[in-house]
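Work through the exercises below with the sequence and the structure in view. Try each task before you read its solution.

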Amino acid sequence: MACEKKSISNFIVKVGLVLLVACILAPISLATMFRHYAVPLKTLSLLFSVGSASSVMWGGESIGSHRSGRNEGPVLCDFSSSRSDVCELKGDVRVLPNATIVLHHPLARRQSWRMKPHARKNDRHALARVTEVTVASSHATDHAAPRCTANHTAPAVVFSVGGYAGNMFHDLTDVLVPLFITTRRFGGDVHLLVSDAQPWWLDKFRPLLRGLSRHDVVDMNRGGRGVLCYPHVVVGLEFHKEMSVDAARTAGEYSMADFALLARRSYGLTRDTAIRLHGRSDGDRSSVRPRLLLISRRSTRAFTNVGAIARAATALGYELVVGEPARHAELPLFARVVNSCDVLVGVHGAGLANLVFLPAGAVVVQVVPLGGLDAMAAEDFGAPARDAGLRYVHYRIAVAESTLARRYPRDHRVLRDPAAVRREGWMALRAAYLVGQNVTLDVRRFGGALRHAMELLR
């Protein structure tokens with residue numbers, strides 16, 4: 001009997017030790033699991049599990065991730081993307097003037113978390129210009145709920161322009177293309193609730209915003225809108241890849257070519273197909289000459305010999321247009337110029353983002369400056385061009401074509417070892433190659449790229 005009591009006592013001690021260790025290790029494990037997700041610590045009780053995507057625990061029920069396609073409850077969140085967080089709320093959703101969004105639902109208990117609804121979530125410089133949104137849950141019987149000023153039957157999408165607004169590439173890759181992806185399923189019957197948008201930005205892209213929604217844009221930074229109530233609110237924008245749509249993730253239902261078509265239609269552009277040349281590939285001078293737009297930049301990464309480039313292009317049979325990326329109010333006019341052309345030539349930079357206005361089958365020639373920037377250039381503009389139904393030519397300049405060759409001795413590491421500069425970080429790369437470099441094209445060498453573009457039009 002004594003031996004039995006001793007065994008029971010030892011068993012109880014062991015169980016107690018196991019429970020003690022479990023209590024110590026569980027918080028540590030949870031902290032480790034969730035440290036990659038941009039969610040405040042006080043909201044970790046919302047998170048249920050991690051796998052290919054995060055899930056949310058709501059009122060004791062596990063809700064699958066947005067990416068999984070499941071839709072099992074009032075909240076559906078995906079925090080797994082490196083570029084954007086997205087949450088969907090369904091039920092009685094109220095959007096308050098102080099950037100707070102409250103969901104009332106029988107399954108909900110009082111919880112809250114914070115989000116920055118902008119598709120550049122790991123960029124602290126961009127997010128510094130993004131208004132944080134507080135998302136809260138409240139039980140449906142909570143009598144302290146704010147009263148609705150306006151009730152809507154259509155869903156709403158909450159997002160921020162913030163970030164690097166005014167840069168055409170960032171306007172597209174961080175805001176407009178993700179907004180297209182997020183709103184596509186609603187067929188235009190969706191309210192756009194935008195923050196951190198200057199009036200000039202809204203005016204510049206209003207035609208495109210009208211193409212995404214038939215309702216007036218709601219500016220969340222300007223007062224007088226009261227408490228807006230919706231049955232369905234999406235907070236944040238879904239991001240696929242740089243300035244493009246991943247057609248594999250849309251099951252082929254839409255692609256970047258559909259966004260480009262929407263952009264052309266929104267700005268009243270009527271030319272949907274580029275010129276198609278016939279005849280011999282060399283020496284044939286048809287009466288119809290393809291139009292080539294040379295993007296001119298005033299400061300960094302500018303062409304220093306535009307005249308020589310123009311003469312070479314004309315000699316090859318192009319009708320040349322030299323244009324500068326549009327300022328805010330001039331975008332509709334510049335979009336028409338782009339749409340009238342068959343070939344777009346420019347040094348890597350935001351001006352190439354205007355490729356969305358080119359007719360299908362046109363050619364984008366990206367001139368890649370010194371600095372080992374090929375992969376970034378191909379990702380930023382090469383892949384989007386192809387996804388939009390355009391042809392693409394990648395021209396990497398030689399060292400002698402960079403103005404850096406006249407600034408530094410031949411054995412300087414900026415010329416000799418760009419990889420070493422890149423290892424110092426983004427700011428070092430930007431200072432050396434993106435801000436301080438212009439391009440003097442070797443027109444004979446570049447003629448090969450122009451002839452290739454001409455061939456792609458045949």
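## Overview

Of the 458 residues in the chain, 52% are buried (under 20% relative accessible area; exposed is over 50%, partly exposed in between, with a 1.4 Å probe and protein chains only). The model is predicted: local features need pLDDT of at least 70, side-chain atom pairs count only at pLDDT 80 or more, and totals for chains, interfaces and linings use all residues. Residues are numbered from 1 along each chain as its sequence is written, and side-chain values use heavy atoms, with hydrogens and water left out.

The chain has 13 helices and 17 strands. These are DSSP runs numbered from the N terminus: helices are H or I with at least four residues, strands are E with at least two. Among contacts in the chain with a separation of 6 or more, 72% come from residues 24 or more positions apart. A contact means heavy atoms within 4.5 Å.

## Exercise 1: the disulfides

Task: find the disulfides, then describe the surroundings of their cysteines.

Step 1. Apply the rule: a disulfide is a pair of cysteine sulfur atoms within 2.5 Å. The count is two disulfides.

Step 2. Take Cys77 and Cys87. Their sulfurs are 2.0 Å apart in a disulfide. The torsion about the S-S bond is about 115°, so this disulfide is right-handed. Cys77 sits in strand S3 (residues 75-78) and Cys87 in strand S4 (residues 86-95), so the link ties parts ten residues apart in sequence. Cys77 is buried at 1% relative accessibility. Cys87 is buried too, at 0%.

Step 3. Turn to Cys148 and Cys229. Their S to S distance is 1.9 Å. This link is left-handed, with -100° about the S-S bond. The pair links distant parts of the chain, 81 residues apart: Cys148 is in the loop between strand S7 (133-139) and strand S8 (150-151), and Cys229 is in strand S12 (residues 228-235). Cys148 is partly exposed at 29% relative accessibility, whereas Cys229 is buried at 3%.

Step 4. Number the bonded cysteines in sequence order. The pairing reads 1-2, 3-4.

## Exercise 2: H3 against H5

Task: how do H3 and H5 lie relative to each other?

Step 1. The axes of H3 and H5 (residues 256-266) come within 10 Å and cross at roughly 95°. H3 and H5 are therefore roughly perpendicular.

Step 2. Leu172, Leu176, Val177 and Phe180 of H3 meet Met256, Asp258, Phe259 and Leu262 of H5. This contact has seven nonpolar, no polar and one charged residue.

Methods: Axes are lines fitted to C-alpha atoms, for helices over the stretch in contact, and angles run from 0 to 180 degrees between N-to-C directions. Angles under 35 degrees count as roughly parallel, over 145 as roughly antiparallel, 65 to 115 as roughly perpendicular and the rest as oblique. Ala, Val, Leu, Ile, Met, Phe, Trp, Tyr, Cys and Pro count as nonpolar, Asp, Glu, Lys and Arg as charged, and the others, Gly among them, as polar.
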